[in-house]
Amino acid sequence: MPIEYLKSGRSATDRNADDAKVRSTVEATLADIEERGDAAVRDLSSKFDGYSPESFRLSESDIEALISRVPARDLEDIRFAQAQVRRFAEAQRDSMRDIEIETEPGVILGHRNLPVQSVGCYIPGGKFPMVASAHMSVLTATVAGVPRIAAATPPFKGEPNPAVIAAMHLGGAHEIYVLGGIQAIGAMAIGTESIDPVHMLVGPGNAFVAEAKRQLYGRVGIDLFAGPTETMVIADTTVDAELCATDLLGQAEHGYNSPAILVTNSRALAEETLKEIDRILGILPTADTAGKSWEDYGEVILCDTYDEMLQVANDIASEHVQVMTDRDDWFLENMHSYGALFLGPRTNVANGDKVIGTNHTLPTKKAGRYTGGLWVGKFLKTHSYQRIVTDEAAASIGAYGSRLCMLEGFVGHAEQCNVRVRRYGKRNVPYGEAAE
């Protein structure tokens, strides 16, 4: 049986048209920020967020006052989630070792893992206060040892959200700005009179934030090119429609353009899931958002075999892949393109988003084919070094280098090698010729 789409989403042509509009808006806005600095940032914040304080940066007393408004239970939960994220990030950091080896007598090569010196972390919060995003970016940068962490989040209902600010502060942010959208990304990357530029930008955001990061890439580093939240459920008859529908709609509520896809080899499960989605949308408080995403971007793909399910999943390369089958480990072994896997019916994407400890900033739009998500290693740069410590090694390696440089026609390169052969090897090498 050929792969069958019981429900399809919007066409790629429609999606590309939307992207073009965002691209032109972002380009003009970044140019304005570069030209007018703080004045442009203030105008944008006032226009889009209705927020124009004397300073966008929170003082220590501002932070303390906001944290005091967070209920004790919420603070306890934030600290618990950060402990899980920290534990996993520290284990990841410990796996990255500096190395030094002697490849030949007297020839020493090595590398060091050094943190990026300044990072701008964006924590979304216009529609929902994304407390967990602070753990994923700010705290992970802290574990990596980044010496300057600037963090920005938009105002929520006209003011800083206390829980988000608490998470940013407890995560280790050195500077906290109440600033959203393109203006936050542009200010941190380009710099203004009051905000020093950073070396790297990380964190999720809406289409305009993602496009701003894309356009600024190269001028600064970024974690990844991110689009709207994506989720895929791979399921067979070992689970029921309620689990599948709940997991699909739970991620579809992120925004109006969040793809949610069911891949299954059971027609009965596919049809029951479609019915269950309609039922849940009738009672879900965020149905306006989740329902629009499901209408425009939801898909149900019916396959004949597990191999076909695997093929479809790897081709789509979804950000979140929830696997609930009788062979979850087989999918773990054979999946190669995705953001993160969530294995078994007891596991769910919401736990990964908020508390379990893995990072929730993940590749979208098929980027899982060539990159993983944000992790402590993204904040580290691996730099190599070389050292030759004996005369014999300098002459030996120099002779090889001389000949290989001349093979390519690089005489000046060859002379860098030759001068060492002459000096440390006491050998007569005519200028501009290859060493024997």
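The expected span of a helix is 1.5 Å times one less than its number of residues. Helices (H or I, at least four residues) and strands (E, at least two) are DSSP runs, numbered from the N terminus. This is a predicted model, in which local features need pLDDT of at least 70, side-chain atom pairs count only at pLDDT 80 or more, and totals for chains, interfaces and linings use all residues. Residues are numbered from 1 along each chain as its sequence is written, and side-chain values use heavy atoms, with hydrogens and water left out.

View 1. Helix H4 covers residues 72–95. Its 24 residues should span 34 Å at 1.5 Å a residue, and the end C-alpha atoms are 35 Å apart, which agrees. Buried here means under 20% relative accessible area, with exposed over 50% and partly exposed in between (1.4 Å probe, protein chains only). The buried residues in H4 are Leu75, Ile78, Ala81, Gln82, Gln84, Val85, Ala89 and Gln92. They pack against helix H3 (60–67), H5, helix H6 (162–171) and helix H14 (349–354). Contact means heavy atoms within 4.5 Å.

View 2. Helix H5 (residues 131–144) has 14 residues. From first C-alpha to last it reaches 20 Å, close to the 20 Å expected at 1.5 Å a residue. H5 is mostly covered, with 13 of its 14 residues buried. Glycine 145 follows H5 and has a positive phi, near 90°.

**View 3. The five-stranded parallel sheet.** Five strands form an open sheet, in the order E6-E5-E4-E7-E8, with parallel pairing. Two strands pair if DSSP finds at least two bridges between them. Strand E6 (175–178) and strand E8 (221–222) are the edge strands, each pairing on one side only. Three bridges join the parallel strands E4 (residues 118–122) and E7 (residues 200–202). Valine 119 stands opposite methionine 200 in E7. H5 packs on this sheet and touches E4, strand E5 (148–153) and E7. The direction of H5 makes about 175° with that of E5. Axes are lines fitted to C-alpha atoms, for helices over the stretch in contact, and angles run from 0 to 180 degrees between N-to-C directions.

View 4. E5 and E6 pair in the parallel sense over four bridges. Threonine 153 stands opposite valine 178 in E6. Both faces of E6 are covered. Glu175 and Tyr177 are buried on one side, Ile176 and Val178 on the other.

**View 5. The six-stranded mixed sheet.** Six strands form an open sheet of mixed pairing, in the order E1-E11-E10-E9-E12-E13. Strand E1 (4–7) and strand E13 (340–343) stand at the edges with a single partner strand each, so one side of each is left without a neighbour in the sheet. The twist averages 20° from one strand to the next. Strands E9 (residues 231–235) and E12 (residues 320–324) run parallel, joined by five bridges. Alanine 235 stands opposite methionine 324 in E12. Helix H9 (residues 241–252) lies across E9, strand E10 (260–264) and E12, at about 170° to E9. Helix H12 (residues 306–316) packs on the sheet too, touching E9, E10 and strand E11 (298–302).

**View 6. The crossing of H9 and H11.** The axes of H9 and helix H11 (residues 287–297) come within 8 Å and cross at roughly 105°. That makes H9 roughly perpendicular to H11 (angles under 35 degrees count as roughly parallel, over 145 as roughly antiparallel, 65 to 115 as roughly perpendicular and the rest as oblique). Leu248, Leu249 and Ala252 in H9 meet Thr289, Ala290, Ser293 and Trp294 in H11.
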